[in-house]
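The sequence and structure come before the comments.

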Amino acid sequence: MSPARRVLVALLAAVCGAAVLAGVLAGASAPQLEEAADPSQFRPGNIISDQLFFDGGAMTAPAVQTFLNQKNPNCAVGSDGLPCLKDYRQDTWTRAADANCRGTYVGAPGETAATIIAKVGQACGISQRVLLVLLQKEQSLVTGSRLTTSQYQKATGYACPDTAPCNEQYFGFFNQVYMSAWRYKWYAANPGYLGRRVGATVNIQFHPTAACGSAPVLLENQATAGLYNYTPYQPNAASMAAYPRTGDGCSSYGNRNFWFQYTDWFGSTQVPGASQVTARYAETGGETGPLGAIRGNVVCGLRAGGCMQSYANGAIYWAPMTGARIVWLGAVRDKWSTYTWEAGPLGYPTGDGVCGLAGGGCFQAFEGGSLYWSQATGARFVTGAVRDRWGSLFYEFGSLGYPVSDQATTPNGAAQYVHFQRGSIYWSAATGARVLSGAVYDRWAASGWETSPIGLPVSDVAPTPDGSGTFAHFRSGSIYATPTTGARIIRGEVFAKWAATGWENGPLGYPIADQATTPNGAAQYVHFQRGSVYWSAATGAQRLSGPVFDAWAAGGFETGALGLPTSDVATTPDGAAQYAHFQGGSVYVTSTGAEVLPTAVVAAWGRSGWEGGPLGYPTGAARTAGGVTSQQFQGGVVHVGESGGGAVLTPMVAAYDAAGGPTGTLGLPTSGTGRTPDGKATYQHFQGGSVYVTSTGAKVLPTAVVAVWARSGWEGGSLGYPTGAAQTADGVTSQAFERGTVYVSGGQGSSVQTVLAAAYGAAGGPAGTLGLPVSDTGRTPDGKATYQHFAGGSIYATATGGARVLPTVFRDAWAVSGFERGPLGYPVADVRTTPDGLGEYQHFETGSVYRTRATGAHALHGAVLDAWARGGWETGALGYPTTDVTVTPDGQGRYAYFQGGAVYSSQAGGTRVVRGAVLDAWGATGWEQGRLGYPTGDAQAVAGGTRQTFQRGSITVDGATGGATVQVG
């Protein structure tokens with residue numbers, strides 16, 4: 001089946017339905033369903049399309065036979081027995097193929113009319129439908145009954161002009177059918193015949209009578225031109241309105257009847273597209289219009305059912321979705337051809353070709369895009385979002401000019417792009433269509449286009465607000481360009497930081513270098529006109545500039561001791577300096593220059609209040625010695641080491657340095673400088689002590705001294721402020737304070753207050769018998785005395801007794817008696833040596849303690865002491881005490897033992913000395929609890945010995961024998 005036939009089948013299926021199509025073409029027995037022709041659809045310049053007219057395969061012989069049977073089922077034979085057309089047969093002869101009928105007609109005896117019609121159509125390339133309509137309109141052979149020989153002889157009206165008799169040599173049914181088909185093909189091969197040339201506008205009469213007039217007709221196709229050559233009249237309005245009857249005296253009917261008959265029998269005389277192509281050609285003026293003469297027939301069967309026709313100066317393409325569009329000869333058409341015409345990605349034209357654009361350019365829109373041409377750029381393809389974006393910039397009249405490349409896909413498939421005379425457009429679904437040009441585009445291209453680290457553009461190139469440069473943003477960065485700085489790539493956190501500072505209008509200005517990685521790979525950075533931005537994951541993005549940056553650079557940038565910046569460059573609150581902090585320290589720049597501060601120095605300075613604190617600004621470089629880094633400031637020095645450190649203010653510096661500084665006994669600072677609550681002193685603590693500065697000067701206090709002083713309440717406590725330097729002798733360090741002295745040894749120590757100092761000193765101080773204090777100074781519970789314990793004793797001071805030193809043995813004996821709360825009261829004298837040189841004693845308010853190496857120390861008081869004293873103290877008969885004064889078990893008396901006896905005191909018996917055999921005998925009776933009770937008298941001489949009385953008896957000692965006799969009662 002030919003392309004034209006396929007088109008017709010599609011048309012018939014759409015218009016008439018499958019049943020009609022089957023009935024017409026497949027020989028179905030159902031009656032033919034005919035359309036009622038609409039006269040308004042008749043076009044005198046396009047009576048029938050070439051595709052239908054010249055379709056020699058429109059019907060097979062069986063299909064023709066079926067059609068004839070359906071159209072005249074009740075036909076009556078002629079009076080002479082001549083059959084109806086459906087039953088007509090004739091012997092035919094062979095006709096060789098020629099230039100008009102390209103197929104050989106092979107004759108045969110007794111061929112049916114249907115076979116003759118089918119074979120002639122096939123041989124000559126004329127539609128069997130056209131031949132059937134021709135037979136009907138000329139002699140009514142299809143539907144007529146009682147046909148005559150004349151009707152068959154003149155079957156198609158061939159060689160039967162309206163103004164002369166028929167030429168008999170062409171009589172006969174086969175002859176008529178073949179020659180009419182041959183003639184139509186001859187007309188097609190000789191398009192200028194009678195001036196009726198396709199594309200030409202000719203005057204066609206309404207009637208053979210010239211007076212009936214004519215009307216100009218633009219002949220749109222060869223089929224119509226052939227019909228007018230065959231029947232040279234067009235129907236007037238009366239003829240069209242009267243069908244199928246006759247019109248007026250000027251009406252003609254041949255071409256009218258052909259159109260109506262064909263439409264009624266076979267549907268539209270037009271193939272979709274073909275008529276639109278020819279109509280559009282007619283609208284342009286035909287061959288006298290800009291398209292010029294026709295260069296070929298309308299060709300249908302293109303993609304999507306399209307049609308086209310070529311002309312001297314172009315072509316018309318039609319498709320159902322685009323309509324009929326003119327494509328002019330030239331570069332645009334040639335470019336379209338390289339995309340395989342309508343079958344390629346451009347598809348059909350959606351608008352006519354247009355020229356007269358800027359610079360004499362041309363363009364044409366297609367389904368899949370547009371083609372633009374100029375003399376300078378050639379023809380280029382652009383489509384979709386790229387074309388739309390270009391259009392928003394006024395196409396070739398805008399800033400980009402004409403395209404200089406076809407639209408293409410980037411090598412990585414991520415985007416589409418077109419280059420223009422003055423820029424490019426890149427598009428992706430994710431980023432949209434973006435315009436790039438100039439230095440920004442060149443830099444992007446040099447970085448690898450869409451495969452560069454910054455990816456595809458997400459904004460158009462645009463001028464910067466200050467008018468000095470241009471920029472564009474990309475998926476992972478931006479490019480900024482000026483004539484003086486060049487085009488520079490900046491991205492990520494560095495870009496964000498720059499943006500936060502105000503872009504190019506901020507303190508940094510424009511970038512002067514692309515973003516790069518530091519040599520050690522630790523950071524990204526960009527240099528700008530007035531500074532730089534450095535970024536790392538650990539430090540963030542930080543801005544540096546001016547002398548701060550210079551100082552950092554001089555120290556080795558990020559590979560130096562400072563490392564990467566951790567803050568922007570900034571101005572101190574007082575406006576006197578610029579600074580920035582780094583991983584390994586800080587840089588501060590004042591009018592005196594730039595100073596680099598290590599991190600530990602910065603921390604100490606920060607604790608002191610930065611430049612607004614007492615240290616002020618750094619005035620010297622950091623120096624390291626002995627593991628300690630020191631740096632000079634306006635108001636002091638900062639010393640730091642692995643174990644800590646801090647600032648030492650100027651008032652402290654001399655004393656601190658005199659103590660050896662950070663490598664001396666004081667070591668590193670452990671606190672900042674402070675003022676005491678009473679405002680009288682400045683102080684600072686160190687690893688090995690403290691320094692206090694008062695109106696009397698600076699004093700260095702070792703750590704152990706400080707600890708003792710702190711326990712006493714610092715300067716607000718009992719000691720007050722230090723008044724002298726610490727001194728060390730024999731392993732003991734001492735330091736004088738306003739109200740005492742601190743003594744320490746082996747890390748331990750206490751203070752000795754002024755009230756005790758004289759006594760302590762008289763006792764030899766720490767090198768004397770007392771040794772070092774082992775307690776702080778205290779007050780007795782009754783508030784009457786101040787005391788302190790030492791390694792070798794104690795000192796107690798009262799208002800009445802003064803300060804008294806108690807060696808350990810005396811203090812312990814006193815302690816056993818109950819200290820000041822006991823019977824002795826407070827000491828009132830220092831320890832002294834007894835006259836015999838054998839012992840020592842110390843007097844208290846109400847008693848004494850006596851000690852010898854042999855007897856130990858014992859407390860005596862009250863009546864017992866008095867009795868011992870009356871007996872001559874230690875030089876008397878009793879000698880030294882060997883016990884303290886003790887309460888008797890019954891609680892009624894007191895007693896003490898001595899080397900030579902005992903003293904018992906009771907309410908009942910008074911105070912009595914009991915010695916020797918009497919004491920022994922009394923003891924044997926059970927002491928005061930025995931049968932004798934308490935002694936009531938001293939020993940008295942009696943005849944032959946001595947006697948001593950008791951509450952319930954006496955004891956007599958024989959002077960000769962020394963025996964004791966106890967007498968009770």
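**Aromatic pairs**

1. Phe-819 counts as partly exposed at 24% relative accessibility (buried is under 20% relative accessible area, exposed over 50%, partly exposed in between, with a 1.4 Å probe and protein chains only). Trp-814, by contrast, is buried at a relative accessible area of 0%.

2. This is a predicted model, in which local features need pLDDT of at least 70 and side-chain atom pairs count only at pLDDT 80 or more, while totals for chains, interfaces and linings use all residues. Residues are numbered from 1 along each chain as its sequence is written, and side-chain values use heavy atoms, with hydrogens and water left out.

3. Rings of Phe, Tyr and Trp (its six-membered ring) pair if their centres lie within 6.5 Å, planes under 30 degrees apart being stacked, over 60 edge-to-face and the rest tilted; the count by this rule is 76 aromatic pairs. Trp-814 and Phe-819 are edge-to-face because their planes stand at 75 degrees, with the ring centres 5.3 Å apart.

4. Tyr-850 and Trp-873 form a stacked pair, with 6.3 Å from centre to centre and 25 degrees between the planes. Tyr-850 is buried, its relative accessible area being 3%, whereas Trp-873 is partly exposed at 36% relative accessibility.

5. Ring pairs also link a cluster whose members include Tyr-184, Trp-186, Tyr-187 and Tyr-193. The charged end of Arg-183 sits over the ring of Trp-186, 4.3 Å from its centre, and also over the ring of Tyr-193, 5.6 Å from its centre (NZ of Lys or CZ of Arg within 6 Å of the ring centre and within 35 degrees of the ring normal).
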